[in-house]
Every structure is written in C-alpha cells, then in structure tokens.
Amino acid sequence: MDIHFFKKSKYTFLFLFFFTIIAIPAYYFLVRVDQKLPVYNPADINPKLVDNSIRMFTKNHTISNFELINQNGEKVTQKEYNGKIYVADFFFVTCKGICIPMSNNMLELQKHFKDDDDIMFLSHTVTPELDSVPVLKAYTERKGIIDKKWNVTTGDKKHIYELARKSYFAVLDEGDGGVQDFIHTENFILIDKDKRIRGMYDGTKFENMQKIIDDILLLKEEYK
C-alpha cells in the first residue's frame with residue numbers, strides 16, 4: 001500500500017485524537033462556564049411581589065441581615081450562611097395544604113445534597129406565635145431534617161414578614177407583619193454565596209426539584 005496513504009492516515013488519526021480528547025471537552029467547558037443563572041433584582045421581579053420602596057432598583061439587591069431562632073433554640077444569622085448556597089422558603093407547622101408537598105420536596109433536595117457542605121436550607125415560619133422552638137423541634141425530628149443542613153426558624157413576625165417581602169420577594173400579599181397579617185407562599189428561593197437571588201421556583205411541584213438541583217450545580221461552577 002502507498003506510503004503516502006499511511007502518512008495521511010497518521011495525520012488524520014492525530015487530528016481526530018486531538019479533536020476528541022482536547023477540542024471537544026474544551027468547547028463544552030467553555031460553553032458550560034458561559035452559562036450562568038440570572039441575578040434577580042427588584043426591577044426584574046413581578047412588581048406585585050416587590051415593596052413600593054424598592055421596585056425601581058436594578059442592581060445590587062442582596063438578602064438583608066437577619067436574626068432568627070432555629071429548632072434547637074440557637075440564634076441563626078447571615079454568619080451561618082456565609083459562603084453557602086441555600087434554598088429558602090416560608091411555611092407553618094400546622095399547614096395542611098401547600099406546606100406538605102413543599103416540605104417533602106425540600107427533603108428531596110436535602111437528600112441529594114446531604115454530603116455537600118456548600119449547600120444549606122432555611123425555612124421561616126409565618127406563624128411564629130404558634131411555632132415555638134419545641135414545636136419546630138418536634139417537626140424537624142418527625143420530618144428527618146438534618147440540623148447542620150437545614151435551619152427551621154421562628155422569630156419576630158414583623159422581621160420575618162419583612163424578609164419575605166423586601167428580601168426574598170416571596171409573597172403577593174400586602175401587610176406589615178401585624179396581628180392580622182398572614183402570608184402563604186409556595187415559593188422556593190435560591191440564594192448564592194453573595195446573598196443574591198438566583199432562582200425562584202414553585203416548591204409544590206416535584207418536577208421542579210430537578211431544575212433546582214441542576215441550577216445549584218450550575219451555580220457551584222461559578223465559584224470554582
């Protein structure tokens with residue numbers, strides 16, 4: 001057989017080897033890095049979810065500092081979430097409606113990321129007058145919530161409701177956290193390591209959990 005054929009085949013092989021081993025992976029790496037979740041600011045959100053005082057802001061929105069009490073009676077602040085990606089929600093223990101699929105779905109996320117120290121969860125009761133620390137403790141033990149992964153919190157009602165309305169943009173209702181004020185929301189909110197909102201999801205839908213998992217993994221890539 002012609003020696004030129006062997007030379008040509010050799011170069012073809014080397015080209016295919018380079019393309020398969022180096023070029024294709026490099027291409028997918030660049031494409032993956034280029035994919036980023038949006039950063040949500042007040043102006044990007046449904047205005048009905050955003051307090052009038054901040055609707056015009058187009059950048060630099062972050063979750064406000066908070067001080068809450070978890071299922072173990074421990075104070076929980078932003079310090080516990082520094083350098084963490086987390087999913088937040090709002091619920092109440094005696095809820096017989098949307099909170100049931102929400103808690104089950106959050107448990108699925110906990111199961112998926114139970115060995116990942118970068119990922120945490122934060123739940124806020126919207127009925128702090130009812131959901132005392134002992135009530136939350138019994139709830140977390142019944143559900144199988146992992147303390148180090150997931151803080152289920154109570155605290156000052158006005159503070160919690162202000163977080164829901166002005167930080168997480170989780171509810172449509174108007175109100176000031178007073179005695180008659182009540183919020184009920186199915187939203188899961190994905191927060192990055194810089195305290196920014198990177199995703200909002202219907203937490204009652206099991207099919208959304210894979211989307212959240214995928215988004216968390218994509219978000220982790222930004223911090224590598």
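How many aromatic pairs does the structure hold? It holds five. Rings of Phe, Tyr and Trp (its six-membered ring) pair if their centres lie within 6.5 Å; planes under 30 degrees apart count as stacked, over 60 as edge-to-face and the rest as tilted.

## Model and confidence

This is a predicted model, in which local features need pLDDT of at least 70, side-chain atom pairs count only at pLDDT 80 or more, and totals for chains, interfaces and linings use all residues. Residues are numbered from 1 along each chain as its sequence is written, and side-chain values use heavy atoms, with hydrogens and water left out.

pLDDT is the predictor's confidence in each residue, from 0 to 100. Its mean over the protein chain is 87. Of the residues, 80% reach 70 or more. Residues 25–33 stay under 50. For that stretch the model has five contacts beyond four places in sequence; contact means heavy atoms within 4.5 Å. Where pLDDT is low, the predicted coordinates should not be read in detail.

## Overall fold

The protein chain has five helices and seven strands. Helices (H or I, at least four residues) and strands (E, at least two) are DSSP runs, numbered from the N terminus. Along the sequence the pattern is α-β-β-β-α-β-α-β-α-β-β-α.

The chain has 224 residues, and 42% of them count as buried. Buried means under 20% relative accessible area, exposed over 50%, and partly exposed in between (1.4 Å probe, protein chains only). The chain exposes about 12,600 Å², with carbon and sulfur atoms supplying 57% of it. These areas come from the Shrake-Rupley method with a 1.4 Å probe; for residues, only the protein chains shown count as cover. Among contacts between residues at least 6 apart in sequence, 70% join residues at least 24 apart.

## Aromatic pairs and the core

Take Phe 90 and Tyr 168, one of the five pairs. Their ring centres are 5.7 Å apart and their planes stand at 70°, so the pair is edge-to-face. Phe 90 lies in strand β3, and Tyr 168 in the loop between α4 (157–167) and β6, so the pair ties together parts that are 78 residues apart in sequence. Both residues are buried.

Phe 66, Tyr 81 and Tyr 86 form one aromatic cluster. The largest nonpolar core has 56 residues. Such a core is a set of buried Ala, Val, Leu, Ile, Met, Phe, Trp, Tyr and Cys residues joined through side-chain atoms within 4.5 Å. Phe 66, Tyr 86, Tyr 168 and Phe 188 touch the most other members. Beyond four places in sequence, the contacts of Tyr 86 include Phe 66, Tyr 81 and Tyr 168. Also among them are Met 120, Phe 121, Leu 122, Ile 189, Leu 190 and Ile 191.

## Helix α2

Helix α2 covers residues 99–112, 14 residues in all. From first C-alpha to last it reaches 20 Å, close to the 20 Å expected at 1.5 Å a residue. The expected span is 1.5 Å times one less than the number of residues.

Its buried residues are Cys 99, Met 102, Ser 103, Asn 105, Met 106, Leu 107, Leu 109 and Gln 110. An α-helix has 3.6 residues a turn, so residues three or four places apart point the same way. The cover over the buried residues of α2 includes β3 (85–91), β4 (119–125), α3 (133–143), β5 (150–153), β6 (187–191) and α5 (207–222).

Thr 94 and Cys 95 both lie in the loop between β3 and α2. Thr 94 is partly exposed at 49% relative accessible area. Its C-alpha is 9.8 Å from that of Tyr 139, 45 residues apart along the chain. Cys 95 is buried at 6%. Not counting residues up to four places away, Cys 95 touches Ile 100 and His 184. The C-alpha atoms of Cys 95 and His 184 are 9.6 Å apart, across 89 residues of chain.

Val 133 sits in helix α3. It is partly exposed at 24% relative accessibility. Its C-alpha lies 7.6 Å from that of Ile 69, 64 residues apart along the chain. Beyond four places in sequence, Val 133 contacts Ile 69, Asn 70, Gln 71, Asn 72, Gly 73 and Thr 154.

## Positive phi

Most residues other than glycine have a negative phi, and most peptide bonds are trans. Phe 169 has a positive phi of about 50°. It lies in the loop between α4 and β6 and is buried at 0% relative accessibility.

Lys 195 has a positive phi near 70°. Its loop runs between β6 and β7 (197–202). Lys 195 is partly exposed, with a relative accessible area of 28%.
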